[in-house]
Amino acid sequence: MAVTLTLILSLPVVLWLIVVNFAKRKRAPGPRGFPIIGNALDIPKDRQWLTWDHWRKEYGLIYSDRPRAIMVGELVGWGQGLGYTPGPPNPRFKEFRRLFSAFIGHRAVESPDIQTVEQEENVKLLAKLLDSPDKFMDHTRDSKAAVLLRLAYGYHPSSESNDSLGLVKIVEDAMAGFSAASEPGWWVDSFPLLRHISGLPFQYAAKKMKQDLDLLYSVPYEYVKTATVMSFISAFLDDKHGQETKEDENTVKIAAASLYSGMSRFTSRQTVSSLNSYFLAMALYPRVQQKAQAQVDAYLSTINGNSGDLRFPSVSDRPHLRYVEALFLEILRWQPSVPLGLPHVAKEDDIYRGCHIKKGTVIWANMWSILHDEQLFPDPQVFKPERYLNEYGELARNSKQATTARSAFGFGRRICPGLYLAETSLLVDIATLLYTMNVSKQEGQDPEPYYGGFISQESNQRRGANPSMSLFLPALVYVFNRCQ
Ligand code: HEM
């Protein structure tokens, strides 16, 4: 009786404490939104980072919500892969990251196997640029896709009797599904119950995308088992010495597809591919191009001059090409290829700058905003590699500017596992392009980073140290076709 009385008397106090505590929890600032759908209607379909940058200035902190990735993750099936799999301590996450690190980690990317693939595809890229510079965006995309097909599966479409397996189409179809399903705007992502209603258009779309993904899992894997070329999958199978289980097979099939899908952010025509940003930057900032070319020329002329053989830049030249590295950092920053990164989810309730972040809140880091912060990067719209140099004109690799520019690869445990591959590969690509050709604006044209424009590209005979290797492109005009 006494216990019941105490409970009854203390109930109002407990309720009061809950209410006070709740009221004290400061909600993160941002537009108010509506019940159930939250801020869904506030989020624009395109260039969300600009709106969110505007909110940051208006509200200070950014708080945004996002529904589960039901379409791409659950219905289509990409949820099994690395990008959508739950983080630690999930053993699958750890295994994926371990596999990536072993194959394309810090040291691994400098291996001769990977470098040979990169260099061979680079030479092909140059030949294609010579042949039809107006299609440079297609060429850069195809070149990077070929690198990935070879690295992930050891598949060489141009030498596999014209793609007898149809693997190029299989990969393209699956990636098209990945991109389409990842787009915001699927109603089932906002209203999960819709998934139980059959016959709706998204169900058909998801079914087709899932079939394409299943083909991507199975066909290349069967090919690798019969091939002798080094690849992500063959390296995994070699490690197992023929003892692989069904579970192992499943893991490596999905991991290889994740490797490819991660790369699609690198190559995709819809996003700003870093190489395309390079072309645009060089057209707009000829003095930067000249300065970088002078460095590459000066260094390679000592090497090529001594050996008598012409060789293109390689990963081992990196320590001697610091201005080129600063240029690369500026490309990452100036037009980030993943302006909003990928969403992170709060696994527990958290307090950030006095604001309560509820468990399950979806957090988008507005990379574009971080990389265009006027305090750290004065005149952020201007392309200026000098931002990363110290007072002696040397690259300050650990400066706040340089480390922030690298945040284009994301943060923490989910940081991009392809960053070393992207870094070495882009540095070599850029140095090779600087060494072999000039990019310039077409006279009278004023290309704009966002809205497209015209640029022309010409090679410069003097770039080839050996005249027989010199590249000469007539100046051509072409549309920088919506590079964003
Ligand atoms: C310039 C090139 C690239 C940029 C700017 C870039 C950027 C990013 C960003 C911002 C993320 C999200 C990180 C986060 O959640 O904090 C990411 C994730 C990822 N990237 Fe990249 N990436 C690039 C190239 C690549 C390449 C070449 C590969 C593969 C070979 C790759 C594979 C992946 C994968 C698998 C994930 C998901 C990781 C996870 O969820 O744990 N990326 N990337």
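**Figure 1. The whole chain, a predicted model.** The accessible surface of the chain comes to about 24,600 Å², and 58% of this surface belongs to carbon and sulfur atoms; accessible areas come from the Shrake-Rupley method with a 1.4 Å probe, and for residues only the protein chains shown count as cover. The chain has 484 residues, of which 48% are buried (buried means under 20% relative accessible area, exposed over 50%, partly exposed in between, with a 1.4 Å probe and protein chains only). Its secondary structure comes to 17 helices and eight strands (DSSP runs numbered from the N terminus: helices are H or I with at least four residues, strands are E with at least two). Of the contacts in the chain with a separation of 6 or more, 70% are between residues 24 or more positions apart (contact means heavy atoms within 4.5 Å).

Residues are numbered from 1 along each chain as its sequence is written, and side-chain values use heavy atoms, with hydrogens and water left out. In this predicted model, local features need pLDDT of at least 70 and side-chain atom pairs count only at pLDDT 80 or more, while totals for chains, interfaces and linings use all residues.

**Figure 2. Helix 4, residues 91-104.** The buried residues of this helix are Phe93, Phe96, Arg97, Leu99, Phe100, Phe103 and Ile104. Seen down the axis of helix 4, they fall within an arc of 160°, so they line one face of the helix (the arc is that of the directions from the helix axis to the C-beta atoms). Pro91, Lys94 and Ala102 are exposed, on the face turned away from the buried side. At the start of helix 4, a side-chain oxygen of Asn90 is within 3.1 Å of the backbone nitrogen of Arg92.

**Figure 3. Phe103 in helix 4.** Phe103 is buried, with a relative accessible area of 9%. Not counting residues up to four places away in sequence, Phe103 touches Ala108, Ile114, Leu151, Met230, Ser231 and Phe232. Phe103 and Phe232 are 129 residues apart along the chain, yet their C-alpha atoms are separated by 6.5 Å.

**Figure 4. Cys416 and the iron atom of the ligand.** The SG atom of Cys416, at 2.3 Å, is the only protein donor of the iron atom (donors are N, O and S atoms within 2.8 Å of the metal, or 3.2 Å for Na, K and Ca; water is not among the atoms, so sites may look incomplete). Cys416 lies in the loop between helix 16 (400-406) and helix 17.

**Figure 5. Glu423 in helix 17 (residues 419-436).** Glu423 is buried, with a relative accessible area of 6%. Leaving aside its neighbours within four places in sequence, Glu423 is in contact with Arg318, Phe328, Arg397 and Arg406.

Note on methods
The expected span of a helix is 1.5 Å times one less than its number of residues. A polar contact is a pair of N or O atoms within 3.5 Å; within protein, one must be able to donate a hydrogen and the other to accept it, and residues adjacent in sequence count only if both atoms are side-chain atoms.
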